[in-house]
Amino acid sequence: MTAVEEPLQEHFQETIAHDHRIEPRDWMPDGYRKTVIRQVAQHAHSEIIGMQPEGNWITRAPSLRRKAILLAKVQDEAGHGLYLYSAAETLGADREELTEGLISGRQKYSSIFNYPTLTYADVGVIGWLVDGAAICNQVPLCRSSYGPYARAMIRICKEESFHQRQGYELLLTMMRGTQAQRDMVQDATNRFWWPSLMMFGPPDEASPNTARSMAWGIKRHTNDELRQRFVDMTVPQAEKLGVTLPDPALRWNAERGHYDFGPVDWDEFNAVVAGNGPCNAQRIARRRAAHEDGSWVREAAMAHAAKAARTAGED
C-alpha cells in the first residue's frame, strides 16, 4: 500500500466500523470492489436465470388469475436482475461482460435454479421455500455496506416477500383440494427442500469468501446462521400447511432454541455448482439464445441513442 493510499484505507475502515455506506465515488480497496461485483453479479444472474423454471408454467397455469400472478412474478424477477446489474455498473462492471461471464459459465448463479419444475405445485413451493430462503438471505443485505446494493435490496425484498406469500397461498389452496393435489404439493416439497437449504452456500468452514465479506460489512450473517434461520422459520409453516419436510432428523432442540436438521448433501451441491445439475446446460443454453436473439434490439437502441446524441449536439 502506498503512502497516498494509507489515509484512504483508514477512512474506508472507519466508514465500515461506523456502519456507514460506501458509495460509488468513494475510495475502496480493489478486493472490496471485486467482492461486491462478484456477489452482486451472482445475485443478478440468479434473478435472470430464475425466470426460467416458473416461466415454464405460464402457458399452463390453471386459470387466468394464476397466469396473471405468475406473469407478474416473472416480470418482477427481470426487474430485480436489472436493478442489480445497474448496481454492479456503479463499480465499473460492464453489463455486456457480466452477461458473457454468465453464458460462458465463468460466473455462477444460485444452484436452486438448476432443478426442473415438474408440476404446477412446484410454482407454489418455489414461492414458499425458494423465495423464503431468498428473504432470509437478502433482508440483511438491505444493510450491506455498499450503498447502491443495499438500496436495491429494499425494493427487491418487499417484492420477494409478496412472492413468498403468493406461493404459500397457492399451496394452501391446493392442500384444500383433491388427494392428487395434496400429493403433488408433498412431492414438490420433497424435491425442493434440500436444494433450498443449499441456496445459502457451503458450510462456513468451507466458504472461502464469508469471513472477508462479513469483515467488510457486505454480508451480515454467515451461511450457516442464515440456513438455521430459514429452517426455524419454515418448520411451523410446513406444519400449518400440512406437509412433511423430508428430513427424519428434523426436531426441536430446546437447549439450543433451534431446530436440529440432518446433513446436507454437499457433494450434490458441488456437482450442481460445477455445472452438472439436472438443468444447468438447458438454463444456460436458453439464456444464450435469448441474448443472441435480442442482439438486434440492443443494436437498434444503441443506434437510436447515438442519433439522439448527434441531434442534441447539432442543436
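Phe230 has a relative accessible area of 0%, so it is buried. Here buried means under 20% relative accessible area, exposed over 50%, and partly exposed in between (1.4 Å probe, protein chains only). The model is predicted: local features need pLDDT of at least 70, side-chain atom pairs count only at pLDDT 80 or more, and totals for chains, interfaces and linings use all residues. Residues are numbered from 1 along each chain as its sequence is written, and side-chain values use heavy atoms, with hydrogens and water left out.

Aromatic pairs come next. Rings of Phe, Tyr and Trp (its six-membered ring) pair if their centres lie within 6.5 Å; planes under 30 degrees apart count as stacked, over 60 as edge-to-face and the rest as tilted. This rule gives 9 aromatic pairs. Phe200 and Phe230 make a tilted one, 5.6 Å centre to centre with 50° between the planes. Phe200 sits in the loop between helix 8 (179-198) and helix 9 (210-215), and Phe230 in helix 10 (residues 223-241), so the pair ties together parts that are 30 residues apart in sequence. Helices are DSSP runs (H or I, at least four residues), numbered from the N terminus. Phe200 is also buried, because its relative accessibility is 5%.

Trp252 and Tyr259 pair edge-to-face, at 4.9 Å centre to centre and 75° between the planes. Trp252 is partly exposed at 48% relative accessibility. Tyr259 is buried at 14%. Elsewhere, Phe12, Trp27, Tyr32 and Trp216 form one aromatic cluster.

Glu97 belongs to helix 5 (residues 95-103). Its relative accessibility is 55%, so Glu97 counts as exposed.

Note on methods
Helix = DSSP H or I, 4+ residues; strand = E, 2+ residues; numbered from the N terminus.
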